[in-house]
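Hello,

Here is the structure you will be taking over. Please have a look, then read my notes below.

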Amino acid sequence: MKKILLAMLVFVGVASVTVAQTKKDDDKAKKEKTATKAPAASKSATTAKAAPATHTKADGTPDMRYKENKEKAAPPAHTKKDGTPDMRYKENKENKDKAKKKG
């Protein structure tokens with residue numbers, strides 16, 4: 001009886017693993033199909049427009065290998081764990097004051 005129960009558990013385990021793997025493969029294939037369709041349309045649109053002043057990758061995001069892109073994306077010097085500026089520091093208080101005057 002123990003052997004039959006063990007064999008059934010192994011069978012169910014193997015069957016569930018194979019089903020789970022095919023599901024992931026199907027999702028991956030769907031994502032690849034949608035990803036390949038979108039860049040083709042945007043690529044033709046980017047060739048018609050003038051090249052942007054900053055360096056960008058093929059997908060349109062800034063290329064962080066260049067200094068000007070790193071400076072633009074530089075976060076505040078002191079941040080909390082959630083990524084917001086830590087207002088205990090002078091630099092962040094000054095940036096907040098400048099933002100209030102502009103807006």
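Contact here means heavy atoms within 4.5 Å. You will need that term for several of the residues below.

This is a predicted model, so local features need pLDDT of at least 70, side-chain atom pairs count only at pLDDT 80 or more, and totals for chains, interfaces and linings use all residues. Residues are numbered from 1 along each chain as its sequence is written, and side-chain values use heavy atoms, with hydrogens and water left out.

Confidence

pLDDT is the predictor's confidence in each residue, from 0 to 100. The chain averages 74. A score of at least 70 is reached by 61% of the residues. Confidence is lowest in α1, with a mean of 68. It is highest in α2, at 80. Where pLDDT is low, the predicted coordinates should not be read in detail.

Overall layout

The chain has three helices and zero strands. Both are DSSP runs, numbered from the N terminus: helices are H or I with at least four residues, strands are E with at least two. Along the sequence the pattern reads α-α-α.

How much of the chain is buried? Of its 103 residues, 4% count as such. Buried means under 20% relative accessible area, exposed means over 50%, and partly exposed lies in between (1.4 Å probe, protein chains only). The accessible surface comes to about 9,600 Å². Carbon and sulfur atoms hold 62% of that surface. These areas come from the Shrake-Rupley method with a 1.4 Å probe; for residues, only the protein chains shown count as cover.

Residues 24 or more positions apart account for 0% of them.

Helix α1

Helix α1 covers residues 2–48, and Val14 is found there. Val14 counts as partly exposed because its relative accessibility is 48%. Together with Leu6 and Val10, Val14 forms a nonpolar patch on the surface. The three share about 280 Å² of accessible area. Patches are built from residues with over 30% relative accessible area and no salt bridge; like charges are joined within 9 Å, and nonpolar side chains (Val, Leu, Ile, Met, Phe, Trp, Tyr) within 5 Å.

Around Asp63 and Asn69

Asp63 sits in the loop between α1 and α2. Asp63 is buried because its relative accessible area is 7%. Which residues does Asp63 touch, not counting those up to four places away in sequence? They are His55, Thr56, Lys57 and Asn69.

Asn69 belongs to helix α2, residues 67–72. Asn69 is buried too, at a relative accessible area of 4%. Beyond four places in sequence, Asn69 touches Thr54, His55, Pro62, Asp63 and Met64. A polar atom of the Asn69 side chain lies 2.8 Å from the backbone oxygen of His55.

Salt bridges

Side chains of opposite charge can pair when their charged atoms come close. A salt bridge is a side-chain nitrogen of Lys or Arg within 4 Å of a carboxyl oxygen of Asp or Glu. How many are there by this rule? The count is two.

One joins Arg65 and Asp63, with the closest N and O atoms 2.6 Å apart. Arg65 counts as exposed because its relative accessibility is 65%. Asp63, in contrast, is buried.

The other joins Asp86 and Arg88, again with 2.6 Å between the closest N and O atoms. Asp86 counts as buried, at 7% relative accessibility. Arg88 counts as exposed, at 65%.

Towards helix α3

Met87 lies in the loop between α2 and α3. Met87 is partly exposed because its relative accessible area is 31%. Leaving aside neighbours within four places in sequence, Met87 is in contact with Asn92, Lys93 and Lys96.

Helix α3 covers residues 90–102 and includes Asn95. Asn95 is partly exposed, with a relative accessible area of 43%. Pro85 is ten residues from Asn95 along the chain. Their C-alpha atoms are separated by 9.6 Å.

Best wishes

Definitions and conventions
Polar contact = N/O pair within 3.5 Å; in protein donor to acceptor, adjacent residues only side chain to side chain.
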